[in-house]
Amino acid sequence: MKRIFFLAALMLFALVSTQAQSLDKVLDNYYKANGLDKIEDVKTFDVKANVSVMGMEMPMEIKVKKPNKFRVDMEMMGQKTTSAFNGENGWMINPMMGAGVQDLEGDQLKQAMGQADMEGALYNYKAKGSNLELLGKVDADGAEAYKLKLTDKDGVVQTFYINADDYMISKVESRVEAMGQTMDVVTKMLEYKEVKGIKMASKIEMEMPMGKQSVIMEEIKIDEPLDDSIFEKPAN
C-alpha cells in the first residue's frame with residue numbers, strides 16, 4: 001500500500017513538474033517574441049488612438065510612465081473626459097457623471113492601477129502576487145493557442161490565449177466592473193507592429209454585452225518626456 005501511495009505521489013509530482021516546465025517555456029517564448037526584455041528599460045508610453053463604438057469615432061490619448069502612473073484622455077459626444085492614476089491616488093473628470101474632479105475608488109481605481117502596468121499582467125506575475133496556470137492547447141478562433149488562467153492577488157481571473165505559432169496574445173477573457181454592473185469582456189489583440197523592438201497590437205477589439213468597440217493605435221511613442229504633473233489631480 002505504501003509503495004502504491006509512493007508511486008502515485010511520484011506520478012503526481014512529475015505531472016505538476018512537467019506542467020510548470022511547460023508554462024515556463026510558453027512564457028519564455030512569449031517574452032522573447034514580444035520583446036519584453038527591452039520593455040524593462042522603457043520609461044514612458046504615449047499613444048494616440050481612435051475608438052469606434054456604436055457608430056461613433058472618439059479620439060483617445062494614453063500616457064503611461066513608470067513605475068505606476070497612467071492617464072487617458074478621450075473626447076466623447078463633444079465632452080472631454082480624463083481618468084488618471086498618479087501612483088497613489090486615482091481621479092477622473094467626466095461631465096456625464098458629475099461636475100468637477102472625482103476620486104476613483106473601488107473597481108474603477110483597481111482598473112486604473114492595472115492600466116499603469118506597462119509590461120502587462122503576465123510579466124513577473126509572481127512578484128505581483130498572481131497565480132498562473134497553463135490549461136493546455138486549445139482552438140482559439142481557428143488557430144492553435146495556449147490557454148493560460150491568471151488569478152491576481154485580489155482573486156480577479158483573466159484568461160489569456162497565446163498563439164502557438166508566433167507567441168502573440170490573440171485574446172483575453174475577463175470579467176470587469178463598469179457603470180455598477182459586472183460584465184464579461186473578450187478583448188482581441190490584432191495587427192501587431194514592432195516599435196523599437198517591442199511588439200504591440202495596433203488594433204484591439206472588445207466584445208461586451210452592450211456591443212462591440214475597436215481601438216486603432218494611430219501613433220505610438222516610446223520614451224518621450226512626460227512630466228509628473230499631468231498625472232496629478234487638478235483643483236476643482
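Colleague: Which residues are linked in a network of salt bridges?

Modeller: Asp141, Lys171, Lys188 and Glu207 are linked in such a network, where a salt bridge is a side-chain nitrogen of Lys or Arg within 4 Å of a carboxyl oxygen of Asp or Glu. Please keep in mind that this is a predicted model, in which local features need pLDDT of at least 70 and side-chain atom pairs count only at pLDDT 80 or more, while totals for chains, interfaces and linings use all residues. Residues are numbered from 1 along each chain as its sequence is written, and side-chain values use heavy atoms, with hydrogens and water left out.

Colleague: How far apart are the closest N and O atoms of Lys188 and Asp141?

Modeller: They are 3.8 Å apart in the salt bridge between Lys188 and Asp141. Lys188 belongs to strand β11 (residues 181-195) and Asp141 to the loop between β7 (131-140) and β8 (143-151), so this pair ties together parts that are 47 residues apart in sequence. Strands here are DSSP runs of E with at least two residues, helices are runs of H or I with at least four, and both are numbered from the N terminus.

Colleague: Is Asp141 buried or exposed?

Modeller: Asp141 is exposed, because its relative accessible area is 53%, and the cut-offs are under 20% for buried, over 50% for exposed and in between for partly exposed, with a 1.4 Å probe and protein chains only. As background, most residues other than glycine have a negative phi, and most peptide bonds are trans.

Colleague: Where is the cis peptide bond?

Modeller: The cis bond runs from Lys66 to Pro67, with omega near 10°, and Pro67 sits in the loop between β2 (56-65) and β3 (69-76).

Colleague: Back to the charges, then. How many salt bridges does the structure hold?

Modeller: There are 14 salt bridges in the structure. One of them joins the side chains of Glu144 and Lys137 at 3.7 Å, N to O; Glu144 counts as partly exposed at 47% relative accessibility, and Lys137 is likewise partly exposed with a relative accessible area of 47%. Another links Lys221 with Glu219, the closest N and O atoms being 3.7 Å apart, and here Lys221 is partly exposed at 32% while Glu219 is partly exposed at 33%.

Colleague: Which residues gather in the patch of negative charge on the surface?

Modeller: Glu40, Asp41, Asp223 and Glu224 gather there. Patches are made of residues with over 30% relative accessible area and no salt bridge, like charges being joined within 9 Å and nonpolar side chains (Val, Leu, Ile, Met, Phe, Trp, Tyr) within 5 Å. Asp and Glu count as negative and Lys and Arg as positive, with His and the chain ends not counted, and the place of a charge is taken as NZ of Lys, CZ of Arg, CG of Asp or CD of Glu. Glu224 is in the segment after β13 (211-222) and is partly exposed at 37% relative accessibility. Asp223 also lies in the segment after β13, where it is partly exposed at 39% and has a positive phi of about 65° although it is not a glycine.

Colleague: And which residues form the nonpolar patch on the surface?

Modeller: Met77, Met96 and Met97 form it, with about 320 Å² of accessible area together, as computed by the Shrake-Rupley method with a 1.4 Å probe, where for residues only the protein chains shown count as cover. Met96 is found in the loop between β5 (90-93) and β6 (101-103), and at 40% relative accessibility it counts as partly exposed.

Colleague: What about Met217, buried or exposed?

Modeller: Met217 is buried, with a relative accessible area of 17%, and is found in strand β13. The C-alpha atoms of Met217 and Asn50 are separated by 6.7 Å, although these residues are 167 residues apart along the chain.

Colleague: Last one: which side chain does Thr82 meet in a polar contact?

Modeller: The side chain of Thr82 is joined to that of Asp73 by a polar contact of 2.6 Å. Thr82 lies in strand β4 (residues 79-85) and counts as buried at 9% relative accessibility. A polar contact is a pair of N or O atoms within 3.5 Å; within protein, one must be able to donate a hydrogen and the other to accept it, and residues adjacent in sequence count only if both atoms are side-chain atoms.
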